[in-house]
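User: I have a structure open here and would like to go through it with you. Could you take my questions as they come?

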Amino acid sequence: MSRGRPRIGVLALQGDVREHQRALDAVGAEPVRVRRPADVAGLDGLVLPGGESTTIGKLATTFGLLEPLREAVREGLPAYGSCAGMILLANEIAGGLDDQPRIGGLDVTVRRNAFGRQVDSFEGAVEMAGVAGGAVPAVFIRAPWVESVGDGVEVLARLGTAVHSRSTGRGPGPAAATIVAVRQGRLLATSFHPELTGDPRVHALFVEMVKGQS
């Protein structure tokens with residue numbers, strides 16, 4: 001990479017695009033929106049935002065983006081997926097449609113809407129390997145979780161039961177071993193939305209991955 005600020009695309013079809021752009025800018029990256037196949041060229045990394053994974057996959061197919069994104073990830077483009085983005089990167093999806101469009105590349109099985117409906121959204125704090133400075137604030141909104149991982153996948157964070165729902169004051173009761181962040185080579189994924197918390201440390205980790213320094 002020749003430039004000081006890595007050029008990181010944010011898939012801009014649906015979801016919290018601006019929030020990811022702000023977080024990337026805060027940690028020294030150059031965020032650009034990805035809407036067309038031509039936008040994939042020249043990227044140093046890619047962020048797949050939260051939103052609705054089925055909708056994002058269908059829109060990517062409609063706009064001719066799905067295959068270019070798959071090819072880029074297969075060829076080693078670093079990618080980070082939050083919430084719906086985790087689902088898009090997963091090789092296997094539990095609770096999804098058999099033909100649900102996805103990019104793949106991450107050797108995990110994720111379960112869609114594992115924590116419940118929109119009303120069950122909650123905030124918590126997770127200790128995440130590779131992120132210094134204490135627990136990471138995390139927002140879970142109709143979030144997936146990881147049910148199984150392949151041999152090459154590193155588990156970065158697990159969620160305990162001491163979480164608090166924003167809407168009801170009680171947590172959804174995940175098992176203490178629930179996996180909510182993983183890494184496989186140049187692919188990173190979280191069940192939660194760090195871009196909604198104002199804490200850019202997860203994005204900083206991804207930028208270091210893009211630079212080849214982590």
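User: Which residue forms a salt bridge with R5, and how far apart are the closest N and O atoms?
Analyst: R5 pairs with D25, and their closest N and O atoms are 3.1 Å apart; a salt bridge here is a side-chain nitrogen of Lys or Arg within 4 Å of a carboxyl oxygen of Asp or Glu. The pair links distant parts of the chain, since R5 sits in the segment before β1 (7-11) and D25 in helix α1 (residues 17-26), 20 residues apart. Helices (H or I, at least four residues) and strands (E, at least two) are DSSP runs, numbered from the N terminus.

User: What should I keep in mind about the model itself?
Analyst: This is a predicted model, in which local features need pLDDT of at least 70 and side-chain atom pairs count only at pLDDT 80 or more, while totals for chains, interfaces and linings use all residues. Residues are numbered from 1 along each chain as its sequence is written, and side-chain values use heavy atoms, with hydrogens and water left out.

User: Back to that pair: what is the relative accessibility of R5, and of D25?
Analyst: R5 is at 37% relative accessibility and D25 is at 43%, so each of them counts as partly exposed. Buried means under 20% relative accessible area, exposed means over 50%, and partly exposed is in between (1.4 Å probe, protein chains only).

User: How many salt bridges does a search of the whole structure find?
Analyst: The search finds 6, and one of them joins the side chains of R112 and E52, at 2.7 Å from N to O. R112 lies in the loop between β6 (106-111) and β7, and E52 in the loop between β3 and α2 (53-62), so this pair ties together parts that are 60 residues apart in sequence.

User: Is R112 buried or exposed?
Analyst: R112 is buried, because its relative accessible area is 16%.

User: And where do E67 and R70 lie?
Analyst: Both are in helix α3 (residues 66-74), 3 residues apart, which is about one turn of the helix. E67 forms a salt bridge with R70, with the closest N and O atoms 2.6 Å apart. E67 is partly exposed at 43% relative accessible area, and R70 is partly exposed at 23%.

User: Changing topic, which residues form the positive surface patch?
Analyst: The patch is formed by R18, R22, R33 and R35. Patches are made of residues with over 30% relative accessible area and no salt bridge, with like charges joined within 9 Å and nonpolar side chains (Val, Leu, Ile, Met, Phe, Trp, Tyr) within 5 Å.

User: Where is R35 placed?
Analyst: R35 is in the loop between β2 (30-34) and β3 (45-48), and it is partly exposed, with a relative accessible area of 42%. L11, which lies in strand β1, is 24 residues from R35 in sequence and 6.5 Å from R35 in space, C-alpha to C-alpha. L11 is buried, with a relative accessible area of 2%.

User: Last one: how many bridges join β7 to β8?
Analyst: Strand β7 (residues 122-126) is joined to β8 by 5 bridges, and the two run antiparallel; strands pair if DSSP finds at least two bridges between them. F122 stands opposite F140 in β8. Strand β8 (residues 136-140) is mostly covered, with 4 of its 5 residues buried.

Note on methods. Accessible areas come from the Shrake-Rupley method with a 1.4 Å probe; for residues, only the protein chains shown count as cover. Lys and Arg count as positive and Asp and Glu as negative; His and the chain ends are not counted. The place of a charge is taken as NZ of Lys, CZ of Arg, CG of Asp or CD of Glu.
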